[in-house]
Amino acid sequence: MNYHGFLSSFPRTYVGRGPADRPDVCLTFDDGPGDATPVLLETLRQLEVKATFFCLGDAARRHPDQIHAIVADGHDLGSHGLSHLDLRQLSSDAFGHGQVIPSIRVIEDIAGQSVRLFRPPYGEISAPQVQWLEDAGYTLVGWSIDPQDWADPMATGHVERVVGEVLRHVHPGAIVLLHDGDDDDVDRRSISDVVEGLVSPLRKKGFHFIGVEDMLERRIPAP
Ligand SMILES: [Zn+2]
């Protein structure tokens, strides 16, 4: 989403990657929770990988047990809006009070913890909306690697293609965009195989898996 040139005007609020001098990688999962989430969580548990989930408010309402599991497993939580709509045409007020706050409230009420990370559907956002997030104290999270795992996830060779894309582009401070949601009724259970394929080669390259909240702490120099 860093194709929005104005994002560079919001260095306090927008994060699209972490520090380049630390071998950290964030795996982020959008659009869930969904049918793929339980197996994905089990895979992350077995591999001892911490991740970040950008959940839809509507999906959180349908799968509160999965929100509880995400929290219990120690992953970071963010909001991806209420439903999966391009929000750019909304005024900053309608964006903030009609979408961001309600979606965060849904997730917070289920999770029992505060949420301050927001990633808009499709990564689409207007400059006034980013300003609203900044004024309200939320963090806008983008990504630095998009292996297009959402495309045709049950196709032959899909897992190898997505893993290969990430390994080709990985860099210190990478934020990887992945999906575990049920949008378009697509079976996304291959996301667990993608994670299994990624973790060992990335660890061999010396990378550590951290949550976006950890990355933010490392990004901001101590006073
Ligand atoms: Zn999405």
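This is a predicted model: local features need pLDDT of at least 70, side-chain atom pairs count only at pLDDT 80 or more; totals for chains, interfaces and linings use all residues.
Q: How do you know which residues are the protein donors of the zinc ion?
A: Asp31 (OD), His80 (NE2) and His84 (NE2) lie 2.1 Å from the zinc ion. The cut-off is 2.8 Å, and the atoms concerned are N or O, so these residues count as donors. Water is not among the atoms, so the site may look incomplete.

Q: How are the donor residues of the zinc ion spaced in sequence?
A: Their spacing is D-x48-H-x3-H. Aspartate 31 belongs to the loop between strand S2 (24-30) and helix H1 (37-47), while histidine 84 belongs to the loop between strand S4 (76-79) and H4. These two residues are 53 residues apart, and the pair links distant parts of the chain.

Q: Why is aspartate 31 called buried, and what is histidine 84 called?
A: Aspartate 31 has 3% relative accessibility. Buried means under 20%, so aspartate 31 is buried. Histidine 84 has a relative accessible area of 22%. This value falls between the 20% and 50% limits, so histidine 84 is partly exposed.

Q: Why are H1 and H7 called roughly parallel?
A: H1 and helix H7 (residues 191-204) pack at an angle of about 20°, with their axes 9 Å apart. Angles under 35 degrees count as roughly parallel, and H1 and H7 are therefore placed in that class. Their contact includes Val39, Leu40 and Leu47 of H1, and Ile191, Val195 and Arg203 of H7. The crossing is right-handed.

Q: What makes H1 and H3 a roughly parallel or antiparallel pair?
A: The axes of H1 and helix H3 (residues 64-72) come within 10 Å and cross at roughly 10°. The limit for roughly parallel is under 35 degrees, so H1 and H3 are roughly parallel. In this pair, Thr37, Pro38 and Leu41 of H1 meet Gln66, Ala69 and Ile70 of H3.

Q: Which residues touch the most other members of the largest nonpolar core?
A: They are Leu27, Phe29, Phe53, Leu77 and Leu133, in a core of 66 residues. Helix H4 (residues 92-111) gives the largest share, eight residues. Leucine 77 has contacts beyond four places in sequence with residues including Phe53, Ile67, Val71, Ile107 and Leu117.

Q: Which residues of helix H5 are buried, and what covers them?
A: In helix H5 (residues 127-136), the buried residues are Gln129, Val130, Trp132, Leu133 and Glu134. Their cover includes H4, strand S5 (117-118) and strand S6 (139-141). Glycine 137 follows H5 and has a positive phi, near 85°.

Q: How do you know whether glutamate 213 is buried or exposed?
A: Glutamate 213, in helix H8 (residues 212-219), has a relative accessible area of 19%. The limit for buried is under 20%, so glutamate 213 is buried. Not counting residues up to four places away in sequence, glutamate 213 touches Asp76, Arg116 and Leu117.

Q: Why is arginine 116 called partly exposed?
A: Arginine 116, in the loop between H4 and S5, has 34% relative accessibility. That value lies between 20% and 50%, so arginine 116 counts as partly exposed. Beyond four places in sequence, arginine 116 touches Tyr138, Thr139, Glu213 and Leu216. The C-alpha atoms of arginine 116 and glycine 78 are separated by 6.6 Å, although the two are 38 residues apart along the chain.

Definitions and conventions:
Residues are numbered from 1 along each chain as its sequence is written. Side-chain values use heavy atoms; hydrogens and water are left out. A nonpolar core is a set of buried Ala, Val, Leu, Ile, Met, Phe, Trp, Tyr and Cys residues joined through side-chain atoms within 4.5 Å. Buried means under 20% relative accessible area, exposed over 50%, partly exposed in between (1.4 Å probe, protein chains only). Helices (H or I, at least four residues) and strands (E, at least two) are DSSP runs, numbered from the N terminus. Contact means heavy atoms within 4.5 Å. Donors are N, O and S atoms within 2.8 Å of the metal (3.2 Å for Na, K and Ca); water is not among the atoms, so sites may look incomplete. Axes are lines fitted to C-alpha atoms, for helices over the stretch in contact, and angles run from 0 to 180 degrees between N-to-C directions. Angles under 35 degrees count as roughly parallel, over 145 as roughly antiparallel, 65 to 115 as roughly perpendicular and the rest as oblique. A crossing is left-handed if the near helix is turned anticlockwise from the far one by less than a right angle, and right-handed if clockwise.
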